[in-house]
Amino acid sequence: MRGAGVRILVVGGGIAGLAAARTLRGWGATVEILERQAAPPGEGTGIYLPGNAVRALDTLGLGAQVAERAVHIRRQRTADHRGRVLFDVDVDELWDGVGACLALPRTDLHRVLLGGLDDVPIRWGQTPALVATDGAGVTLQTEEGHTDRYDLVLGADGVHSTVRRLVFDTDAVRPLGQYARRFLAPAGEPPHHDDRSATWSVLLGSGSAFLTIPIGNGHLYCYCDGPLDDPPAPLRDLLSDYADPVPTLLDALDTIGGASAVHAAQVEEVVLDSWSRTGVLLIGDAAHATSPNMAQGAAMAFEDAIVLAESLTTADSVTEALAAYERRRRPRTDWVLAQTHRRDRARTLPPALRNIVLRRIGRRIVRSNYLPLRAQP
Ligand SMILES: Cc1cc2nc3c(=O)[nH]c(=O)nc-3n(C[C@H](O)[C@H](O)[C@H](O)COP(=O)(O)OP(=O)(O)OC[C@H]3O[C@@H](n4cnc5c(N)ncnc54)[C@H](O)[C@@H]3O)c2cc1C
């Protein structure tokens with residue numbers, strides 16, 4: 001199919017929506033984006049992009065721009081909550097021949113994706129109210145009263161997708177019983193800074209974890225997850241027996257606003273039997289969000305965008321393309337989902353046993369988690 005003359009609306013200007021708008025415009029379609037927020041995000045935390053995410057960014061033609069703003073992460077270190085190292089992974093080697101692993105501020109990634117839109121317009125501050133499909137196309141009306149017709153509507157509107165609610169008769173969101181908190185902290189002075197500068201580093205507690213990733217400009221991206229208590233335990237309580245750098249980073253957090261500087265959310269996944277209805281397709285988190293413990297959300301969203309444009313190019317109709325797309329994407333997103341479950345199960349082991357297992361075979365487990373993702377999507 002040729003893209004010229006095909007009209008596509010992308011609902012959601014996040015990672016998946018912006019990437020898809022770029023690949024579909026590249027295919028030749030007329031594309032527009034509907035975004036609920038009134039403006040691009042002015043602040044955020046960090047994001048870690050494993051090798052397959054960076055390879056996909058290269059395919060999108062945006063890899064160099066992202067790399068310029070990012071820290072090249074070379075090692076992943078896993079330790080117990082006292083800081084005793086359980087195993088190290090050389091991620092340059094793990095992703096050799098695929099792509100570097102990068103970490104950067106989320107706002108920088110967003111800026112690069114927005115810059116990659118060329119002439120695709122974004123209608124900020126708008127959201128769908130009604131989506132009706134018929135054999136000839138899709139009619140979408142916004143809350144703001146604007147109605148238009150499209151050949152394809154993409155729901156790229158995240159875990160709590162409105163497109164999914166309006167078109168798919170199912171509630172696909174599953175809470176995972178975890179609560180995640182993220183903040184940015186100063187990276188600190190040497191020697192800690194040198195030691196951590198290119199290392200993704202996690203401390204594992206009992207039912208909780210604390211992760212640091214350098215993202216450049218003297219910032220560390222800190223991520224902590226723990227049980228979903230009501231109300232959630234204060235970070236100081238949850239992490240009271242953690243070794244440095246945790247207490248130092250919590251002190252630093254106090255100086256930059258404490259709880260008000262923390263982005264907190266419960267961890268959820270999205271599981272659906274099918275991602276499409278006539279003329280409507282869900283992509284990114286709206287279709288297949290998982291726990292972030294594999295850091296594959298952005299990679300899957302970029303790959304969705306690439307595979308969708310390829311599927312449209314080789315199919316004779318939108319319907320055929322959506323079926324081919326799903327056949328190709330399913331095994332990969334299912335794999336990621338299964339690995340996130342595997343990793344979550346390991347959290348339930350008694351820490352002493354978990355530590356023995358991870359010391360022995362931690363590196364092998366990480367390799368097996370990511371091995372199939374080295375292949376092209
Ligand atoms: C705590 C945490 C840490 C994570 N860390 C990483 C990581 O390090 N690496 C990684 O790769 N992934 C990570 N992820 C996952 C990653 O953030 C997501 O997979 C990714 O953001 C998905 O992109 P998306 O565009 O599908 O959804 P979103 O990023 O949620 O974007 C959806 C967009 O749609 C808009 N929208 C929503 N509703 C509407 C509506 N009704 N109308 C119009 N627009 C709408 C939103 O405003 C937003 O702009 C993490 C996730 C969590 C929860």
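Helix α11 passes helix α12 in a right-handed crossing. The model is a predicted one. In it, α11 covers residues 297-314 and α12 covers residues 318-347. Their axes come within 8 Å and cross at roughly 155°. Angles over 145 degrees count as roughly antiparallel, and α11 and α12 are therefore roughly antiparallel to each other.

Which residues of α11 and α12 make the contact? The table lists them by helix.

| Helix | Residues in the contact |
|---|---|
| α11 | Met300, Asp304, Val307, Leu308, Ser311, Leu312 |
| α12 | Ala321, Ala324, Tyr325, Arg328, Arg329, Thr333, Val336 |

By residue class, the contact of α11 with α12 divides into eight nonpolar, two polar and three charged residues. Asp304 of α11 and Arg328 and Arg329 of α12 are in this contact, and Asp and Arg count as charged. Ser311 of α11 and Thr333 of α12 take part too.

**The whole protein**

The helix pair belongs to a protein with 13 helices and 19 strands. How far does the C-alpha trace span along its principal axes? The spans are about 60 × 40 × 40 Å. The radius of gyration is 21 Å. A compact globule of 377 residues would have a value near 21 Å, so the protein agrees with that expectation.

Buried residues make up 46% of the 377 residues. Of the contacts with a separation of 6 or more, 74% come from residues 24 or more positions apart.

Definitions and conventions. Residues are numbered from 1 along each chain as its sequence is written. This is a predicted model: local features need pLDDT of at least 70, side-chain atom pairs count only at pLDDT 80 or more; totals for chains, interfaces and linings use all residues. Axes are lines fitted to C-alpha atoms, for helices over the stretch in contact, and angles run from 0 to 180 degrees between N-to-C directions. Helices (H or I, at least four residues) and strands (E, at least two) are DSSP runs, numbered from the N terminus. Angles under 35 degrees count as roughly parallel, over 145 as roughly antiparallel, 65 to 115 as roughly perpendicular and the rest as oblique. A crossing is left-handed if the near helix is turned anticlockwise from the far one by less than a right angle, and right-handed if clockwise. Two residues are in contact if their C-beta atoms, placed from the backbone, lie within 7 Å. The radius of gyration is taken over C-alpha atoms; the globule rule is 2.2 Å times the number of residues to the power 0.38. A residue is buried if 20 or more other C-beta atoms lie within 10 Å of its own, exposed if 12 or fewer, and partly exposed in between; C-beta atoms are placed from the backbone.
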